[in-house]
Every structure is written in structure tokens, then in C-alpha cells.
Amino acid sequence: MTVQNITVLGSTGSIGVSTLNVIRRHPDRYQAFALCAHSQVDKLFEQCREFQPRFAVLRDATLAAQLTDRLRAAGLKTEVRHGVEALIELSALPEVDAVMAAIVGAAGLEPTLAAARAGKRVMLANKEVLVMAGELFMHAVRAHGATLLPVDSEHNAIFQALPADFVRGLDACGVRRILLTASGGPFRNAPLDTLAHVTPEQACAHPNWVMGRKISVDSATMMNKGLEVIEAHWLFAAPPQQIQVVVHPQSVIHSAVEYADGSVLAQLGNPDMRTPIAYAMAWPERIAAGVEPLDLFKIARLDFHAPDFERFRCLQLAYDVLATGGTASAILNAANEVAVAAFLERDLPFLGIARLNEAVLAALPAGPQGNLGDVMAADVEARHLASQMIRERRFA
Ligand code: NAD
Ligand code: MG
């Protein structure tokens with residue numbers, strides 16, 4: 001077996017570290033070709049020391065020079081690049097077999113799109129890519145013969161429960177509905193009047209998963225589940241009315257597919273992202289991921305509830321933007337990124353996130369998603385307006 005070269009976009013993040021954990025277990029199958037991070041020089045240096053990639057990437061020239069100095073002092077040859085152009089190039093080079101798209105937010109769009117256009121195996125954690133530009137991205141995947149494997153645990157579960165030829169269409173495959181499970185986050189049962197005072201620390205304390213801060217806040221507002229509805233729509237060509245969100249607090253069933261004959265196929269496992277990461281890396285084979293076996297006797301029971309669209313406005317907004325189409329979901333994504341960042345900086349209250357998202361959507365008309373320029377323009381405009389609304393303290 002030839003060793004696969006992997007570019008890890010976002011190697012210092014939660015998904016990036018779990019990806020390197022799986023690579024470490026299988027040196028006969030995988031090697032890190034490029035490790036890309038934003039600004040954590042120390043962490044990236046340690047990763048370079050262990051995995052000795054050909055390339056490492058940081059945000060800017062100053063940080064890149066710092067990393068180069070440290071690598072040379074340690075006798076390491078990894079070449080250091082910087083900026084988004086380097087991310088794009090190192091996602092598309094002929095030597096690259098697979099790209100783990102694990103940057104958070106809109107920053108991952110261009111390199112992930114470049115990987116798809118180069119026909120790579122694209123392992124997609126960075127759901128914002130599909131939320132912003134699902135139409136364009138899926139077109140690039142098809143036009144360039146890329147292999148798209150979902151890493152988001154729910155979509156990975158759905159992928160596992162669908163027939164191999166699901167691209168024929170869900171109806172043709174006898175699929176009635178996709179059952180997208182959601183933990184409900186830390187505030188599923190919190191009294192409504194306490195939500196106004198939620199702190200970033202409380203919002204980031206997810207009951208079942210340890211994740212980056214942005215997705216943790218998204219889980220607390222259930223915007224994450226909304227983004228995942230949009231993600232499922234594009235990945236599986238599923239109409240929104242065939243995507244049912246099911247609140248399942250234990251996060252053991254990662255999602256399921258309901259068929260016309262009454263069968264429901266679900267994927268279960270411990271909440272550990274190394275399972276979907278390893279699946280995406282080895283598909284159609286399966287490899288060890290270091291994940292504890294599921295102990296059903298210990299779990300003993302599984303609960304299910306209907307989602308509360310009143311409490312979790314952001315979930316409704318996701319269905320709304322799918323109905324609008326075009327750049328509406330890019331507008332929502334951009335407003336939400338600004339809102340979450342402001343909440344983490346204590347510039348916006350927790351309930352202000354949904355209110356800001358809604359206000360930005362109401363103020364900006366959506367246009368067609370014709371090309372990347374349309375998406376980027378909608379993204380910039382929405383960020384600008386969202387920031388302005390926060391500055392004017394409209395939701396304080
Ligand atoms: P994180 O914040 O832990 O890590 C983000 C990574 O992206 C870091 O390596 C950071 O250096 C890099 N990055 C951030 N901004 C960048 C920029 N402008 N340019 C280059 N690199 C940049 O996030 P995470 O929790 O690992 O999530 C990554 C993505 O995976 C998100 O889209 C998230 O929604 C998705 N995801 C995460 C989980 C999870 O369990 N953490 C599960 C499902 C999906
Ligand atoms: Mg998920």
C-alpha cells in the first residue's frame with residue numbers, strides 16, 4: 001500500500017489534533033504532507049517535530065519566520081509558507097492525496113474549494129463551506145471528480161446509513177427522511193429567563209463533546225444544528241422537509257436514515273470525532289481509531305425529543321435561508337460568525353446572537369449564488385452590517 005499524503009487545514013484545532021491522532025496510529029497508511037494553522041506557532045512547531053511534514057503554513061510572514069527559525073534550530077527541514085494562497089496551493093498540489101478541511105468558518109472556503117477542484121479526497125469538517133457555497137462546492141466536486149467524505153459526526157453517520165449509490169437521489173433509493181440528531185446543547189432545559197445571562201464559559205461547556213469555541217457556542221444556540229441541516233441538504237441532495245432534527249441528549253446515535261419500508265438505519269458510537277475522521281480517511285475500508293467500544297449496558301437508555309424552535313430561533317433561521325436560497329445562507333453564516341465572536345468577547349449577550357442573525361437576514365436581500373465572487377460579496381456585506389449593529393449596541 002502506498003502511503004497517502006494528507007494536507008491538514010486547521011491542524012492545531014480540535015479536529016486537526018484528532019486527525020493527527022489517527023495518522024499517528026497508521027504510519028503505514030498516512031503521512032502529514034502539510035500542516036496548516038492560524039497563529040499557534042508553538043503547537044504547530046511541536047506537530048512539525050513529530051510528523052515532519054513537507055510544508056507548514058501560518059497566517060502571516062512574521063509568524064512563518066518565527067516557525068522557520070525554530071525548525072532550523074531543531075534541524076528540521078519543513079518548509080514554511082504563509083497566507084491563504086499557500087493554503088490553496090497546498091490543498092491542490094499533485095502529491096496531495098487527501099485534504100482534511102478542519103479550519104473553522106469562512107476562512108476554509110477557498111482552500112477546500114481548491115481541493116475539490118483538484119479532484120482530491122476531501123474530508124469535510126468545515127461545514128461553513130457548504131453553508132456559504134453549497135451549490136458551487138457540490139458542483140466543483142462533481143465536475144472535477146473529487147471524493148467528498150463528511151466528517152461532521154451526523155453527516156458521517158448518514159453517509160454510513162445511506163446506500164452507496166445515494167447520488168441517484170434519495171427518493172430513488174427509497175429514503176423517506178434523514179433523522180439528524182442533536183444533543184440540544186447545554187441549555188436544552190435551562191429556564192428561559194436564565195438564557196439572557198449565559199456566559200461564554202457556560203456556553204462552551206458542552207455536555208457530550210469537547211470542541212472548538214465557535215462550534216461550542218453554535219451548539220448552545222443550536223445554530224450548529226441549523227448549519228448541519230443546510231450541510232445535509234447539500235451533501236445528500238435532501239429537500240429541507242425530508243430533514244428531521246431529533247433531539248437526543250445522549251449523543252450515542254449520531255444520526256439515522258428512515259426508509260420507505262419502515263426501516264431506520266442508524267450509526268451509533270461513543271462521542272469521539274476520531275470515529276468519523278478515521279472513517280473518512282480509510283473509506284471504503286475501516287481502521288482502528290483509538291475509540292473506546294460502545295458499552296450499551298452502561299448507556300442503558302436513549303431519549304428523543306422534538307426540537308423547540310421557539311427556544312432555538314437559530315434552528316428556524318436555517319430552514320428559512322434554505323427556503324430563500326442563493327446567498328441567504330452565506331449571509332446567515334457571516335452574521336453568525338460575527339455574532340459568536342462578539343459573544344465570546346462579551347460584546348453581545350447570548351440571546352443577541354439569534355436576534356442579530358435575524359436582523360441581518362431581514363436587512364440584506366439574497367442574490368443568486370452564481371460564482372465565488374457573489375458568495376464573498378454577500379459574506380463581506382453581512383459581516384460589515386453585523387459589526388455595525390453590534391457597535392451601535394442594537395442588541396445589548
Ligand atoms: P478549532 O477552533 O478547534 O480549530 C480551528 C482550526 O482552524 C485551528 O487549527 C486554527 O488554527 C485554524 N484556523 C482558524 N482560522 C483560520 C484562518 N483564518 N486561516 C487558517 N487557519 C485558521 O475548531 P474545531 O472545533 O476543530 O472545528 C473545525 C471545523 O470543524 C469547524 O467548521 C467545525 O464546525 C467543524 N466540526 C468540528 C467538530 C468538533 O468536534 N470539534 C465536529 C464537527 C464539525
Ligand atoms: Mg455535528
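Analyst: Glu228 is buried, with a relative accessible area of 1%; here buried means under 20% relative accessible area, exposed means over 50%, and partly exposed is in between, with a 1.4 Å probe and protein chains only. Glu154 is buried too, at 9%. Before we go on: this is a predicted model, in which local features need pLDDT of at least 70 and side-chain atom pairs count only at pLDDT 80 or more, while totals for chains, interfaces and linings use all residues. Residues are numbered from 1 along each chain as its sequence is written, chains are lettered from A and ligands numbered from 1 in the order in which they are written, and side-chain values use heavy atoms, with hydrogens and water left out.

Now to the metal. The magnesium ion (ligand 2) is coordinated by Asp152 (OD), Glu154 (OE) and Glu228 (OE), at 2.0 to 2.2 Å. Donors are N, O and S atoms within 2.8 Å of the metal (3.2 Å for Na, K and Ca), and since water is not among the atoms, sites may look incomplete. Along the chain, the donors of the magnesium ion follow the spacing D-x1-E-x73-E. Glu154 sits in helix H7 (residues 153-161) and Glu228 in helix H10 (residues 223-235), so this pair ties together parts that are 74 residues apart in sequence. Helices (H or I, at least four residues) and strands (E, at least two) are DSSP runs, numbered from the N terminus.

Met222 is found in the loop between helix H9 (213-221) and H10. Although Met222 is not a glycine, its phi is positive, about 65°. Met222 is also buried, with a relative accessible area of 3%.

You can find Ser251 in the loop between strand E9 (243-247) and strand E10 (253-259), and at 7% relative accessibility it counts as buried.

Next, the other ligand. Of the 21 residues around ligand 1, Thr12, Ser14, His38, Glu128 and Gly212 come nearest, where a residue is near if one of its heavy atoms lies within 4 Å of the molecule. A polar side-chain atom of Glu128 lies 2.7 Å from an oxygen atom of ligand 1. Polar backbone atoms take part as well: one of His38 is 2.9 Å from a ligand 1 oxygen, and one of Gly212 is 2.9 Å from a ligand 1 oxygen. A polar contact is a pair of N or O atoms within 3.5 Å; within protein, one must be able to donate a hydrogen and the other to accept it, and residues adjacent in sequence count only if both atoms are side-chain atoms. Taken alone, ligand 1 exposes 820 Å², and the protein buries 86% of that, by the Shrake-Rupley method with a 1.4 Å probe.

Finally, look at helix H11 (residues 274-282): 8 of its 9 residues are buried, so the helix is largely enclosed by the rest of the structure. Among the buried ones are Arg274, Tyr279 and Met281. Trp283 and Pro284 are joined by a cis peptide bond, with omega about 5°, and Pro284 is in the loop between H11 and H12.
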